[in-house]
Amino acid sequence: MNGKKGDMSPPTAKKGPKGHRVRPGYAWLLCMILCFLIVSGFEDRHPLIFAAGICLKIAIFVLALHVSDVGRNFYLAAVSLALILAGASVPARMYHGGLEGLVLVTWSALMLLVPVSILRKIGKEFTEEGVDLEVVLGALCAYLFIGAYFAFLYDVMANLSKSPFFAQPGAGSKLNYLYFSFITLTTTGYGDISPAFGPGRMIAVTEAIIGQLYLVSVVAIVVSAFGKRKKSPSQE
C-alpha cells in the first residue's frame, strides 16, 4: 500500500528523490557474481566447494531473471529446469557417462539466459529512461557473467571431448579456465596457456570478439549517457 485506498502496487516500485524507481537488484547480482568467480575457480578442489558453486549458480540464475523482469511463466519454467539440473549435477559428477554430457550441454544453453535477460532489461531501461546507476551495474553484471560463462564452456568442451582443452600439460584446472577466459575476453592474451584444438580456438576467438564489441558498444554507450536521464512528462 502507498497510502491510497485500493493501491496494490508492489513495494519495489518505490520512488526516489527525482521520481525514479529504486531497484537495487543488480547491485546484489554483481556481488553474487563476484563471489561465484572466486568459488568457481576452486570447484575441483573439494566437493563442498563444488556444491557451493552449484548453489551460487542457481542463485545468480534466479536473481538475474527476477530483476530483469522476464515473464512469469517463462521464469517459472526456467527456474524449474535449473533446479532439476542442479539436482542432477551431483550424480552426473560422480558417475560421468551420458548423464554428465546431457547436464553440461543443458547448463550451457540455460546459462545464456542470464546475460541475454540482463541486456534486454538494461536496453529497455536505456530506451525509456536513459542511463542510471542500475543500468551501469546491469552492464557490469552481464560482462562478468560472460567471462564466467566461457570459462564454464571451455570446461564443458574438455569433458565432452575427453581430451585436454589446453595444449600445455596439466593446465586443465577450473582456475585456469577462469583465468584463460578473462584474459581472452579482455584481449590481454598473455600466451602462457592456449587451446589445444580447433574448436577450442574458435570459441576463444569468439569470446575475444564479443569482449571487444561489448566494450566499444555497450560500455561506451552506457558511459557516455550515464547520468543523462530522460525527463518524464510531469518533469517537463
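A residue is taken as exposed when its relative accessible area is over 50%, and because leucine 213 has a relative accessible area of 51%, it falls in the exposed class. In this predicted model, leucine 213 is placed in helix H8, which comprises residues 198–225. A nonpolar surface patch of about 430 Å² includes this leucine, its members being Val205, Ile209, Leu213, Leu215 and Val216. Helix H8 also holds alanine 208, which, once neighbours within four places in sequence are left aside, is in contact with Thr184 and Thr187.

Of its 236 residues, 42% count as buried, and the protein exposes about 12,900 Å², of which 70% is supplied by carbon and sulfur atoms. Among contacts in the protein with a separation of 6 or more, those between residues 24 or more positions apart account for 72%.

The buried residues of H1 are Gly25, Tyr26, Leu29, Leu30, Ile33, Phe36, Leu37 and Ser40. These residues lie on the same side of H1, because they cover an arc of only 130° around the axis. On the other side of the helix, Trp28 and Ile38 are exposed, whereas the buried residues of H1 pack against helix H2 (47–67) and against H5, H6 and H7.

The structure holds four salt bridges. In one of these, arginine 45 is paired with aspartate 44, with the closest N and O atoms 3.9 Å apart. Arginine 45 counts as exposed because its relative accessibility is 54%, while aspartate 44, at 33% relative accessibility, counts as partly exposed.

A further salt bridge joins glutamate 125 to lysine 121, the closest N and O atoms being 3.3 Å apart. Both of these residues belong to helix H5 (residues 113–129), where they are four residues apart, about one turn of the helix, and both glutamate 125 and lysine 121 are buried.

Aspartate 155 and lysine 174 form another salt bridge, in which the closest N and O atoms are 2.2 Å apart. Because aspartate 155 lies in helix H6 (residues 133–161) and lysine 174 lies in helix H7 (residues 174–185), this pair ties together parts that are 19 residues apart in sequence. Aspartate 155 is buried, as is lysine 174. Through salt bridges that share partners, Asp69, Lys121 and Glu125 are joined into one network.

Technical notes: Residues numbered from 1 in each chain as written. Predicted model: local features only at pLDDT ≥ 70, side-chain atom pairs only at ≥ 80, totals over all residues. Heavy atoms only, no water. Salt bridge = Lys/Arg side-chain N within 4 Å of Asp/Glu carboxyl O. Buried < 20%, exposed > 50% of the residue type's maximum accessible area, 1.4 Å probe, protein only. Helix = DSSP H or I, 4+ residues; strand = E, 2+ residues; numbered from the N terminus. Patch = residues over 30% accessible without salt bridge, like charges linked within 9 Å, V, L, I, M, F, W, Y side chains within 5 Å. Areas by Shrake-Rupley, 256 points an atom, 1.4 Å probe, with all protein chains shown as cover. Arc of directions from axis to C-beta. Contact = heavy atoms within 4.5 Å.
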